[in-house]
Amino acid sequence: MNNLDMAERVSRHALFKELVTRRARLVRSLMSVGLVAYFILIALVAFRPQILRMPVERGGATTVGVVMAVAILALGWIITWIYVRRANSTFDRLSVHLLEEVAR
Amino acid sequence: MNLDQTKRAVALIASAGLMSLPQGAAAAQQGDGRPLNVVAIGIFFVFVGITFAITWWAAKRTKTAKDFFSAGAGISGLQNGLAVAGDYLSAATMLGVVSLVYARGYDGLLYCIGFFIGWPVILLLMAERVRNLGRYTYVDIIAYRLDHVGVRCMAALGSLTVVFFYLIVQMVGAGELVQLMFGLQYNYAIISVGILMIVYVTFGGMIATTWVQLIKAVLIMFGATLLMVLALAHFNFDFESLAQKAVQVHAGGNAIMGPGGLFSDPVSSLSLSLATVFGLCGMPHILMRFFTVPNAREARTSVLVAATCIGYMFVAMFVIGLASIVIVSTDGRFFEGGHAGGKLLGGSNMVALHLATAMGGNLFLGFLAAVMFATILAVVSGLALAGASSISHDIYVNVLRRKTTVSGEAEVHLTRKVTIVIGIVAVLLGIVFRGQNVAFLVSLAFNVAASANFPPLLTSMYWRGVTARGVMWGGLAGLVSSVGMVILSPAVWKTVLGHSHAIFPYDHSALFSMPLAFLVIYVVSKLDRSPAAERAKLAFDLQMVRAQTGLGAEGASQH
């Protein structure tokens with residue numbers, strides 16, 4: 001069976017549809033979490049900068065803004081890590097299984 | 001330019017480069033009375049020695065076109081992740097961010113976040129598909145279903161625009177930086193950068209470029225970590241006590257720990273955000289790095305490693321910037337005339353290097369200066385390779401010679417020649433733009449990447465209904481509108497060209513030019529009733545299988 005036939009059979013396979021939907025669902029949710037958090041910060045900077053200027057502790061120099069900025073960097077990293085983990089386990093397994101099924 | 005002229009030009013530049021050291025050094029010693037930093041030069045020559053050895057080794061392993069363009073897809077995810085970080089973290093970024101934090105505090109940190117948040121996005125939207133569908137350049141991905149001369153030309157034009165704008169910034173930065181740190185004259189500094197870049201790329205191709213970027217990423221992270229740790233030791237490793245001191249010393253007081261004026265206009269900062277986030281997803285030299293790994297899994301690992309390094313570096317740069325407020329701004333040694341608070345020696349970008357002197361004397365300054373030079377070389381090499389592949393692979397092989405088959409050997413041979421030409425052009429542009437304010441070119445590069453490269457790439461991978469005509473006109477609309485708006489913006493129209501009023505009110509165009517590109521792609525594709533449009537729709541299912549499962553994707557070559 002050549003690659004073209006195989007690809008056609010893969011595209012019609014139920015597992016392929018599952019793979020595509022599950023990946024898209026994860027991408028959509030992680031994307032929205034990351035971008036919403038980021039744009040909340042951008043909106044705060046533009047419309048409510050005083051919130052970001054508040055000190056975390058009374059009389060301290062470290063502000064809510066610094067903590068939030070670092071938290072968003074951390075969140076971006078966590079999103080990356082979650083996707084890599086899920087893709088390495090679930091999606092790769094699904095994809096290998098699918099190709100084996102079709103090759104048979 | 002014919003071959004003879006090319007050879008003559010290379011010989012000319014090579015001889016100029018050889019003459020450069022003694023003359024440049026003498027000029028610097030007379031010029032501003034700053035002694036040559038022997039440590040910097042020593043460490044730099046060690047770096048050049050090691051990278052030449054790697055280039056020699058890489059040249060032996062570079063046999064096929066695939067080796068040359070994508071390192072035979074044999075780079076691991078960890079290695080590639082480091083190389084990606086090395087490609088992205090330029091000297092301008094490191095020095096610029098530290099001095100931005102030094103001058104404006106928190107706004108510098110906000111600036112970094114925009115440049116970081118693109119990494120999760122590039123992982124979620126691009127990395128795997130780009131790896132599975134691509135071959136040598138990202139234009140191959142667009143052409144997977146939409147193989148059309150116009151599409152290739154448009155995409156190559158977008159790619160080259162970004163590469164050249166970015167290259168000019170790097171070359172001008174390199175000239176100024178090397179002049180300051182090594183006491184080498186501007187023109188000779190630029191010529192040296194050009195020659196080294198040509199050597200790496202023409203002989204060692206992607207393998208050498210990868211290793212230069214990887215080594216440099218490790219060096220810059222080591223340097224930044226050391227600088228941060230030494231500086232934090234002054235504050236008992238307590239961030240709050242560092243922040244307290246910074247607030248006391250800085251004229252802005254407590255306000256520097258919160259948003260200043262830099263991002264107060266929502267439209268303008270939204271436009272900047274879109275440019276940095278989606279511009280990253282359209283950077284040809286970054287996308288090209290995904291072809292160097294064997295499969296989608298390693299492509300994901302690359303992003304995770306790169307994001308870790310880049311995120312860490314941004315936090316480190318913020319800490320370094322704050323520490324510089326306390327340590328550098330109060331030390332008369334670093335100011336012209338010896339008065340703290342006056343004009344910083346060597347200009348505002350030298351903050352990080354002054355902090356290095358304060359922390360570790362001439363030895364540390366020399367080390368960091370050498371790392372910065374290495375950084376410039378690594379970034380410039382990546383850009384040159386991306387530009388050269390675009391000209392030879394996208395334009396020559398797939399447009400001009402599309403009716404005949406060009407052997408891989410001939411393609412590599414041509415790319416090597418094109419690299420030499422790009423090197424020479426980069427040197428000339430660096431000289432032409434000397435002393436100009438080129439900061440706007442970074443914004444231009446990101447806005448063009450987000451408006452001209454990203455929409456065609458995204459729609460060709462995700463939308464069944466896209467057609468060649470749609471992508472061609474949409475990409476062109478994005479290119480023309482982004483370049484046009486940035487030229488009419490305050491940063492160029494007022495600051496660079498000296499007009500009294502800017503015609504376009506924002507410095508970044510992405511908020512307008514990116515949606516315009518998508519809109520044109522959509523409308524033109526919908527109206528396209530050609531047979532080619534039908535074929536493109538039919539090919540979508542097969543493309544999707546390859547994108548999602550890697551079935552039929554380019555594998556790693558066997559060595």
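Here is a short tour of this predicted model, one selection at a time.

Before you click: local features here need pLDDT of at least 70, side-chain atom pairs count only at pLDDT 80 or more, and totals for chains, interfaces and linings use all residues. Residues are numbered from 1 along each chain as its sequence is written, while chains are lettered from A and ligands numbered from 1 in the order in which they are written.

**Stop one: where A meets B.** Select the contact, which takes 43 residues from chain A and 45 residues from chain B (in contact means C-beta atoms, placed from the backbone, within 7 Å). On the chain A side, colour α1 (3–12), α2 (14–47), α3 (49–53) and α4 (64–103), the elements that give two or more residues (helices are DSSP runs of H or I, at least four residues, numbered from the N terminus). With 19 residues, α4(A) gives the most to that side. Colour by class and you'll find 30 nonpolar, eleven polar and two charged residues there (Asp, Glu, Lys and Arg count as charged; Ala, Val, Leu, Ile, Met, Phe, Trp, Tyr, Cys and Pro as nonpolar; the others, Gly among them, as polar).

**Stop two: the annotated spans.** Stay on chain A and pick residues 26–47 and 59–84, listed as "transmembrane region" in an unreviewed UniProt entry (such annotations may be inferred rather than shown by experiment). Residues 26–47 of chain A are 100% helix, with end C-alpha atoms 31 Å apart. Residues 59–84 of chain A are 81% helix and 0% strand, and their end C-alpha atoms lie 41 Å apart.

Methods:
Two residues are in contact if their C-beta atoms, placed from the backbone, lie within 7 Å.
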